[in-house]
Amino acid sequence: WEQSIHHFDLMRYVYDAEPSHIQAHTFNPSWTMYAGDTNVSALIGFTNGMTVTYHIDEGDKYKIGEVSFRGDVDFTDEELLKATSIDDREYFSQAVLLSDISKLQAKYGDDGYAYTNVVPRPNMSAETKVVGITFDIKKGEKVSMGEINVTGNTNTRDKVVRRELRVFEGELYNETNNRKSLANVRRLGFFENVEFQKSVST
């Protein structure tokens with residue numbers, strides 16, 4: 001940041017002009033290893049008509065290598081690979097990786113593991129430009145649905161919300177049904193924001 005400011009002042013000195021406008025665009029190509037934007041293009045215009053363009057590139061593409069699983073592996077590798085998509089791609093995709101984490105959490109969540117933690121461990125080779133992914137899974141404890149409360153509803157009766165739910169008190173937690181319930185309530189169109197907040201009671 002500090003170097004950017006000094007460079008900006010240097011351009012003002014060299015061009016003997018003040019900046020009049022700036023346009024910038026950031027984006028994250030699907031193959032990058034990072035969650036945040038890694039590419040940036042910026043165009044700076046000066047009052048004397050000069051323009052300066054910056055472009056920062058994200059680097060090399062990495063192909064997908066071996067995908068494996070460790071930790072609490074309750075399913076076969078074939079079943080877990082079928083639940084994910086990263087192995088179907090030629091190149092690494094951060095967006096697909098994040099989606100696969102959610103898919104694995106749902107697979108375990110459908111068996112009652114509401115707090116499954118999935119951590120991807122990349123193994124990158126700068127020489128071959130290949131990245132292997134190991135999903136480290138910690139499933140936690142099985143939980144059942146306790147009391148279901150509806151809060152913040154001032155637009156309709158609670159029974160209108162409850163009839164859209166696909167989760168029920170006393171049954172084993174099910175992540176897919178939880179997500180269906182959220183989608184159903186959001187689809188009602190009564191609320192700006194709908195959240196499902198889990199809490200553990202002992």
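The following legends describe close-up views of a predicted model.

Local features in this predicted model need pLDDT of at least 70 and side-chain atom pairs count only at pLDDT 80 or more, whereas totals for chains, interfaces and linings use all residues. Residues are numbered from 1 along each chain as its sequence is written, and side-chain values use heavy atoms, with hydrogens and water left out.

**View 1. Helix α5 and its ends.** Helix α5 covers residues 175–187, where helices are DSSP runs of H or I with at least four residues, numbered from the N terminus. Its 13 residues reach 18 Å from the first C-alpha to the last, close to the 18 Å expected at 1.5 Å a residue, the expected span being 1.5 Å times one less than the number of residues. Just after α5, glycine 189 adopts a positive phi of about 80°.

View 2. Glu175, Asn178, Ser181, Leu182, Asn184 and Val185 are the buried residues of α5, buried meaning under 20% relative accessible area, exposed over 50% and partly exposed in between (1.4 Å probe, protein chains only). Their cover includes α3 (94–109) and α4 (158–162). Arginine 179 and glutamate 175, four residues apart in α5 or about one turn of the helix, meet through their side chains in a salt bridge (2.8 Å, N to O), a term that requires a side-chain nitrogen of Lys or Arg within 4 Å of a carboxyl oxygen of Asp or Glu. Glutamate 175 counts as buried because its relative accessibility is 10%, while arginine 179, at 33%, is partly exposed.

View 3. Lysine 103 pairs with aspartate 100 in a salt bridge whose closest N and O atoms are 4.0 Å apart. The two residues are three residues apart in helix α3, and therefore separated by about one helical turn. Aspartate 100 is buried, with a relative accessible area of 0%, whereas lysine 103 is partly exposed at 31%.

**View 4. The salt bridge between aspartate 136 and lysine 138.** The closest N and O atoms of the salt bridge between aspartate 136 and lysine 138 lie 2.8 Å apart. Aspartate 136 counts as buried at 10% relative accessibility, and lysine 138 is partly exposed at 43%. The structure holds seven salt bridges.

Technical notes. Contact = heavy atoms within 4.5 Å.
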